[in-house]
Amino acid sequence: MFCRNCGKELTGSPEICPECGAKPMRGTSFCPNCGAPTTELTEICPKCGARVAGKVAEKADGAWMPLTAGILDLVAGVPTLIIGILLAAGLGALGRLSGIVGFGALMGAIATPLIIFAIIAIVGGVFAIRKRTWGLALAGSIFALFCAWIFGIPAIVFTVMGKKHFR
Ligand SMILES: [Zn+2]
Ligand SMILES: [Zn+2]
């Protein structure tokens, strides 16, 4: 793509243009597709025919995706963590009441994977919200899927689609 502010050809879709320091899609002086000069009123590039303004450019931005993925991770992870802790405590107490040696610990351990999944989802969610360490954010979304698939599936989609916004 080309920086819309200074016209420099860029590799990939960097958040900030290394040449002029602006957000590449924030400018209006050049076509992002071919680098031809445009004005702030140009909607279709006269040289290559690419749409340079309007809904398409907005949609391609997608800066909201990591934040949304992170919130979904937390929505899936936090209740799962609470349920996991309560389950571990409850099952542990039940096991101890049975009076069988080691049974309390065994019952408590059943809830442990739930707690671990939830913690990974929460940590990944925080990294997604801060747009840092994409791999960890993706791991968080995958574990959010184990916690609550209804939140985990969109979290994975938004994490993958919002990858370019991570540092
Ligand atoms: Zn630039
Ligand atoms: Zn063009």
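Is Ile-153 buried, partly exposed or exposed? With a relative accessible area of 43%, Ile-153 is partly exposed, where buried means under 20% relative accessible area, exposed over 50% and partly exposed in between (1.4 Å probe, protein chains only).

## Basis of the model

This is a predicted model, in which local features need pLDDT of at least 70 and side-chain atom pairs count only at pLDDT 80 or more, while totals for chains, interfaces and linings use all residues. Residues are numbered from 1 along each chain as its sequence is written, chains are lettered from A and ligands numbered from 1 in the order in which they are written, and side-chain values use heavy atoms, with hydrogens and water left out.

## Domains

The protein is divided into domain 1 (1–61) and domain 2 (64–165), with bounds that come from an automatic or database domain assignment. Between the C-alpha centres of domain 1 and domain 2 the distance is 39 Å.

## Aromatic rings

Four aromatic pairs are found in a search of the whole structure; rings of Phe, Tyr and Trp (its six-membered ring) pair if their centres lie within 6.5 Å, and planes under 30 degrees apart count as stacked, over 60 as edge-to-face and the rest as tilted. One of these is the edge-to-face pair of Trp-64 and Phe-158, with 5.2 Å centre to centre and 70° between the planes. Because Trp-64 lies in helix α2 (residues 64–97) and Phe-158 in helix α6 (residues 149–161), this pair ties together parts that are 94 residues apart in sequence; helices (H or I, at least four residues) are DSSP runs, numbered from the N terminus. Trp-64 counts as partly exposed, at 46% relative accessibility.

Phe-117 and Phe-146 form a tilted pair, 5.2 Å centre to centre and with 40° between the planes. Phe-117 belongs to helix α4 (residues 112–129) and Phe-146 to helix α5 (residues 134–147), so that the pair links distant parts of the chain, 29 residues apart. Phe-117 is partly exposed at 27% relative accessibility, and Phe-146 is partly exposed at 48%. Ring pairs link Phe-117, Phe-143 and Phe-146 into a cluster.

## Surface of helix α6

Ile-153, found in helix α6, is part of a nonpolar surface patch with Trp-149, Ile-150, Val-157 and Met-161, which together have about 530 Å² of accessible area. In such patches, residues have over 30% relative accessible area and no salt bridge, and nonpolar side chains (Val, Leu, Ile, Met, Phe, Trp, Tyr) are joined within 5 Å; a salt bridge is a side-chain nitrogen of Lys or Arg within 4 Å of a carboxyl oxygen of Asp or Glu.

Note on methods: Helix = DSSP H or I, 4+ residues; strand = E, 2+ residues; numbered from the N terminus. Patch = residues over 30% accessible without salt bridge, like charges linked within 9 Å, V, L, I, M, F, W, Y side chains within 5 Å. Areas by Shrake-Rupley, 256 points an atom, 1.4 Å probe, with all protein chains shown as cover.
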